[in-house]
Amino acid sequence: MIFNSLSFVFFFIVVTGLYYLLPHRFRWFMLLAASCFFYMFFKPVYILILAGTIVIDYYAGLQLEKIQDKKRKKWFLIISLIANIGVLVVFKYYNFINENITTLLMQMGMGNPIPYLKILLPIGLSFHTFQAMSYTIEVYRGNQKAERHFGIYALYVMFYPQLVAGPIERPQNVLHQFYEKHPLLYENISAGLKLMLWGFFKKVVIADRLAIGVNEVYEHLDQYTGIPLILATAMFSIQIYCDFSGYSDIALGSARVMGFRLMENFNRPYAATTISEFWSRWHISLSTWFRDYLYIPLGGNRVKVPRWYFNLFFVFLVSGIWHGANWTFILWGALHGAYLIFALVTKPIAEKIRKIFDKGFTAVMYRLLNVGMVFGLTTFAWLFFRAQSFKDAVYVIKHAFKFQGLNVQRDIYLNNGQDFFVVALFAILFMEVVQYVNANYNNVLFQGKSKLLRWAFCFVLLLLICTLGVFHSDTEFIYFQF
Amino acid sequence: MKRLLINALIFFSISFVLLWLLDGYYTRYYNTRLNVCQKPDWIFSHTNQSYDLAFMGNSRVYNMLDAPQLEKKLSKTVINIGITGSNLSEQFLVLDQFYKKGNKAAYLVLQLDMISFDYTKLPFKLHLPTYMNLFHDTQVQEVYKDNVPLHKFLIWKYIPFARYMEFSNRYVLYKTVKGGFECQQDLGYDSLRGGRYENMPYRDNNHTCRYWTVNSTDWKYFKNILALAKANNTRLIFYSAPFYSATRRFQLNTKAIYELIQQQADSLKIPYITFDVPTYTMANDTLNFYDNNHFNEKGSRIFAADLADSLKKSIHE
């Protein structure tokens, strides 16, 4: 079930209604049942995989707490991690690995006897696997008590708002909330619904509209050179942000309506002035996951400089692999790793330059220049994310600066008419203004003192969604594929 | 709780009013500013006209009927109101609107074949977005009700603007504000100029075996069309255009369907002309076809002459 569907609207109303109507002791069960239904809406049989890992991790958690012997404890952690990563490898990476083996063997003039698996990737597999792993690691580290209530643990993994595309939660933040009584509070309902409305705006007005132009170009790459390739890639940067952060807003909002508070996943990432700042604002739950469970265990920055750089690069390489079983994703991760290392190497020079432009108007211009550069660098990396194959990505790079005479309909409107471009531009500007105002004026449009302003903003959003939203195509969230 | 209920009530009431106003604006706009580049709007742009013959059907009328040649051969005024990919319920809707615009037709020449009575066998459904601006009309609502899941119909009926929202690619705010459509000239759907199959080479497209039956919804609207024509003093003529003859073997149970059409024609004393018979030799030549179901331009011209000859007799009768 996708959030921008009629089925979800009904589902949300029924589940939220039941949640508040039921006595507290029955709520976990209702939420678990609803989450199962939500997940099974995609492909029912995959719930068995999820159930399998839940049972293993639940049992591993109990053992990790009970056993005092460090060696045995470690073994249970390894079993749990292997189970989770094993599922990921089989369903997500098996065919990719096999494909590369085939290519390698073919170059040596040999055939590959290993068969391919005819399987579909269970939706949101990478997300709930990582969430389950964070539980066992935290119990192993002694930061979290093992959850004794099997149903509550299952709900921690399966809680429907964040089940298929995060945020990838930590047990410390979520588990206790399932035990808390959440009374029907106007503040929660209002804040949750507003967040959902904002998420829907980003998804259906911006992301799905930009998708029309981006898909047009990326699905007919050979018909385009120059400006449209650059424009479509820049649009994809905004599309993926609005798509994913829109999803996160709807997830956070639908949880908040029931009184749950999930972690923020985005914080205006394209306002970042450095790549490292970008990563502290983009997909925060994944960045912090990698920081806590991979980067720091590898030694983080408390090691020799070459090792530090290796740690950074390795983490981003793994992040690329996490996103998808394709060389384009790996290259995307490697690029970000390289960006960060380059930024570290050139940090002293960058500091000197910053000090030159540190005052008044030049500081603003310098900041804008940096924002533009970060956007440019991330957009270049997104190109590998969007391209269907490495060959396509190379095509875009080779042809992006081969300019022909300007044909506005083709190059600017991306063969989608003036309305596509004008509406998209307007919606992006609107979003930027809203984000800027809310960030700098204490969230005034959502939670400000002026009731008139808050209500007017909600009605404007509603009208924009109704009149400018794209509802006619099957538009899943991009991150569902991971 | 009380605060929540009051605020929810205010929010939904204001939203309802805003959407209702928007709905009214869109309906008025799209009812008055017709996009004649699209066939249904082109048909509805004709008002208070009288025609001797109106030809109705699916793409086998839309693309295959050379109206100017028929006009010349028959010395009658002709309009082609065929809609590509339409089922009988959509054809009923279009005919109803055609009459409601004050138009008249002495004869309704209805193209019927096995596809007409069982559209579920093909991936063609009612063109849902096309008639949303006419949704206030009870006949249009009935057609939609019979063609979409009930929950969709109820949402479109009771939540203002929901239907425009769902088809925002057709009902575009930007265009209503800017005014008009990119294409407003008359493309001349009466002639073959509106069709797609001009001078196209033959493509052997369809070898799927299908067992044709009669679908209850299509049958209901077949009867509705007959009643509507009668109520508007229009006489009926049925005809069946040919398919490329070599593909007849893939269409099963067609004999029974043609017998049913003949039966209906006989009982209601409606002339029925069929060209989908082995003796109609032009259907044996791929040079006359664009694909197995449609003539190309050349085939259409030959067929128009043959149809005109047959119609002469029926009209004079």
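In this predicted model, A:Asp249 counts as buried because its relative accessibility is 10%, below the 20% limit that defines the class. Its salt-bridge partner is A:Lys202, with a distance of 2.9 Å from N to O. A:Lys202 likewise counts as buried, since its relative accessibility is 3%. Side chains of opposite charge can pair when their charged atoms come close.

A salt bridge is also present in chain B between B:Asp23 and B:Arg163, whose closest N and O atoms are 2.9 Å apart. B:Asp23 lies in helix H1 (residues 2–32) of chain B and B:Arg163 in helix H8 (residues 162–166) of chain B; the pair therefore ties together parts that are 140 residues apart in sequence. Both B:Asp23 and B:Arg163 are buried. Helix H8 of chain B also holds B:Glu166, whose side chain meets that of B:Lys152 in a salt bridge at 2.4 Å, N to O. B:Lys152 is found in helix H7 (residues 150–158) of chain B, and the two partners are 14 residues apart. B:Lys152 counts as partly exposed because its relative accessibility is 24%, which falls between the limits of 20% and 50%. Elsewhere, A:Arg170, A:Arg291 and A:Asp292 are joined into one network by salt bridges that share partners. Over all chains, the search of the whole structure finds 19 salt bridges.

Between chain A and chain B, the count is one salt bridge. This interaction is formed by A:Glu187 and B:Arg3, with the closest N and O atoms 3.2 Å apart. Four residue pairs are found in polar contact across the interface of chain A and chain B, both residues being at pLDDT 80 or more. On the side of chain A that touches chain B, helix H1 (6–21), helix H9 (186–219), helix H19 (417–440) and helix H21 (451–468) of chain A each supply at least two residues. The most is given by H21(A), with nine residues. By class, this side of chain A comprises 16 nonpolar, four polar and three charged residues. In total, the contact takes 23 residues from chain A and 24 residues from chain B. The two chains bury about 2200 Å² between them, and 75% of this area is on carbon and sulfur atoms.

Strand pairing was examined around strand E1 (residues 50–56) of chain B. E1(B) is mostly covered, with five of its seven residues buried. Six bridges join E1(B) to strand E3 (residues 104–111) of chain B, and these strands run parallel. Within this pairing, B:Tyr51 stands opposite B:Ala105 in E3(B). E1(B) is also joined by three bridges to strand E2 (residues 78–80) of chain B, again in a parallel arrangement. Here B:Ala54 stands opposite B:Ile79 in E2(B). In a regular strand the side chains alternate between the two faces of the sheet.

Note on methods:
Residues are numbered from 1 along each chain as its sequence is written. Chains are lettered from A and ligands numbered from 1 in the order in which they are written. This is a predicted model: local features need pLDDT of at least 70, side-chain atom pairs count only at pLDDT 80 or more; totals for chains, interfaces and linings use all residues. Side-chain values use heavy atoms; hydrogens and water are left out. Buried means under 20% relative accessible area, exposed over 50%, partly exposed in between (1.4 Å probe, protein chains only). Helices (H or I, at least four residues) and strands (E, at least two) are DSSP runs, numbered from the N terminus. Two strands pair if DSSP finds at least two bridges between them. Contact means heavy atoms within 4.5 Å. Buried area is the accessible area (1.4 Å probe) that two parts lose on being put together, summed over both. A salt bridge is a side-chain nitrogen of Lys or Arg within 4 Å of a carboxyl oxygen of Asp or Glu. A polar contact is a pair of N or O atoms within 3.5 Å; within protein, one must be able to donate a hydrogen and the other to accept it, and residues adjacent in sequence count only if both atoms are side-chain atoms. Ala, Val, Leu, Ile, Met, Phe, Trp, Tyr, Cys and Pro count as nonpolar, Asp, Glu, Lys and Arg as charged, and the others, Gly among them, as polar.
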